[in-house]
Amino acid sequence: MSERLPKKIYEAELSALQAQLVDMQAWVQASGARIVVIFEGRDAAGKGSTIKRISEYLNPRVSRIAALPTPTEREKTQWYFQRYIAHLPAAGEIVLMDRSWYNRAGVEHVMGYCTNAEYHRFLHQAPIFERMLVEDGIILLKYWFSVSDVEQEKRFRSRNEDPMRRWKLSPNDVLSITKWEDYSRAKDTMIVQTDIPEAPWFEVDNEDKRRGRINMIHHLLSKVPYEDVERPPIDIPPRPASGGYERPPRDEDNAVPDYASTLTA
């Protein structure tokens, strides 16, 4: 296991990488590029926290997170990839997929939420579907976040004891402890069947979240052929002289009470 990255080094490098992500975003807007980044991995592997750091300073109109809920009864009758297509980017957009169509190769298969026929059909169709996306010009990046069984259980227990993060722990998450080997086999099969030259899988060792985030973001930036885009300066005009406007009396406003003042009383 890699030694934990010191916090000071982590924060300095993360800030630099986030600045580069903003530069990449400007290129995406200017060039009309379309980017899809898939985040997959075991429960509590750190996908969501990495997405949070990537999107922190990006324009949500340009970069959006797709985290689809359980399919509706109608969606269950559609072609499997159909509901994901609606979330693909248009020109100048980045989509960060917090789990993706690979649900079928993982949790749906292991937990018995799909049939064997549906599972094998997915493994056959996923490479075809992804080749179509890449052929159409979409930059498709697929990341698998790895974590050990010991670290996963540690994170589960931490979530369970933290009322602010307990919502992140579901019954299915806990079951992944008892089905560790089943998920391992499913992941191995998925990689063999869907690791294609047009859209290969990249594995992120996320035992240390700091190290994993830095490595993943740096790699993402290296895989997007962005260039510096000159952004025209914005001149902030001087405020004009008053034209005689008078604000109505404040006691007519339905103001929010000043709760903050009670904290220093």
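Reader: How much of the contact pattern in the protein chain comes from residues 24 or more positions apart?

Author: Happy to start there. In this predicted model, residues 24 or more positions apart make up 79% of the contacts in the protein chain that have a separation of 6 or more. The protein chain holds 9 helices and 5 strands, and its order along the sequence reads α-β-α-β-α-β-α-α-β-α-α-α-β-α. Along its principal axes, the C-alpha trace spans about 75 × 50 × 45 Å.

Reader: Which annotation covers residues 6-231, and where does it come from?

Author: An unreviewed UniProt entry carries the annotation "domain: Polyphosphate kinase-2-related" for that stretch. In the model, residues 6-231 are 50% helix and 14% strand, with the end C-alpha atoms 35 Å apart.

Reader: What makes a set of residues a nonpolar core here?

Author: Members must be buried residues of the nonpolar kinds, joined through side-chain atoms within 4.5 Å. The largest such core has 30 residues, and Ile54, Met216 and Leu220 touch the most other members. At least two residues each come from helix H1 (7-31), strand E1 (34-41), helix H2 (47-55), strand E3 (93-98), strand E4 (139-146) and helix H9 (209-223). H1 gives the largest share, with 7 residues.

Reader: Which residues is Leu220 in contact with, leaving aside its neighbours within four places in sequence?

Author: Its partners are Leu21, Val37, Ile54, Leu141 and Tyr143. There is also a second, separate core, made of 26 residues, and Tyr80, Leu88, Ile138 and Trp144 are among them.

Reader: Why is Phe81 called buried?

Author: The cut-off for buried is under 20% relative accessible area. Phe81 has 0% relative accessibility, and therefore counts as buried. The residue sits in the loop between strand E2 (63-66) and helix H3 (82-85). Not counting residues up to four places away in sequence, Phe81 touches Trp101, Phe122, Gln125, Ala126 and Phe129. With one of these, Trp101, the C-alpha to C-alpha distance is 6.7 Å, at 20 residues apart in sequence.

Reader: Glu108 has a charged type of side chain. How do you know that Glu108 counts as buried?

Author: We set the value against the cut-off again: 12% relative accessibility is under 20%, so Glu108 counts as buried. Glu108 belongs to helix H4 (residues 107-110). Leaving aside neighbours within four places in sequence, Glu108 is in contact with Tyr80, Asn103, Tyr113 and Cys114.

Reader: What makes the phi of Ala44 worth a look?

Author: Most residues other than glycine have a negative phi. Ala44 is not a glycine, yet has a positive phi of about 70 degrees. Ala44 lies in the loop between E1 and H2. With a relative accessible area of 6%, under the 20% limit, Ala44 is therefore buried.

Reader: And what is the phi of Arg99?

Author: Arg99 also is not a glycine and has a positive phi of about 70 degrees. The loop between E3 and H4 is where Arg99 is found.

Reader: Why does Arg99 count as partly exposed?

Author: Partly exposed is what falls between the buried limit, under 20%, and the exposed limit, over 50%. Arg99 has 25% relative accessibility, so that residue counts as partly exposed.

Reader: What share of the residues of the protein chain count as buried?

Author: Of 265 residues, 40% do. The protein chain exposes about 16,400 Å², with 53% of it supplied by carbon and sulfur atoms. As for charge, there are 37 positive and 40 negative side chains, and the centres of the two sets are 3 Å apart.

How values were computed: Residues are numbered from 1 along each chain as its sequence is written. This is a predicted model: local features need pLDDT of at least 70, side-chain atom pairs count only at pLDDT 80 or more; totals for chains, interfaces and linings use all residues. Side-chain values use heavy atoms; hydrogens and water are left out. UniProt positions are given in the numbering used here, feature names are shortened, and annotations may be inferred rather than shown by experiment. Helices (H or I, at least four residues) and strands (E, at least two) are DSSP runs, numbered from the N terminus. Buried means under 20% relative accessible area, exposed over 50%, partly exposed in between (1.4 Å probe, protein chains only). Contact means heavy atoms within 4.5 Å. Accessible areas come from the Shrake-Rupley method with a 1.4 Å probe; for residues, only the protein chains shown count as cover. The place of a charge is taken as NZ of Lys, CZ of Arg, CG of Asp or CD of Glu.
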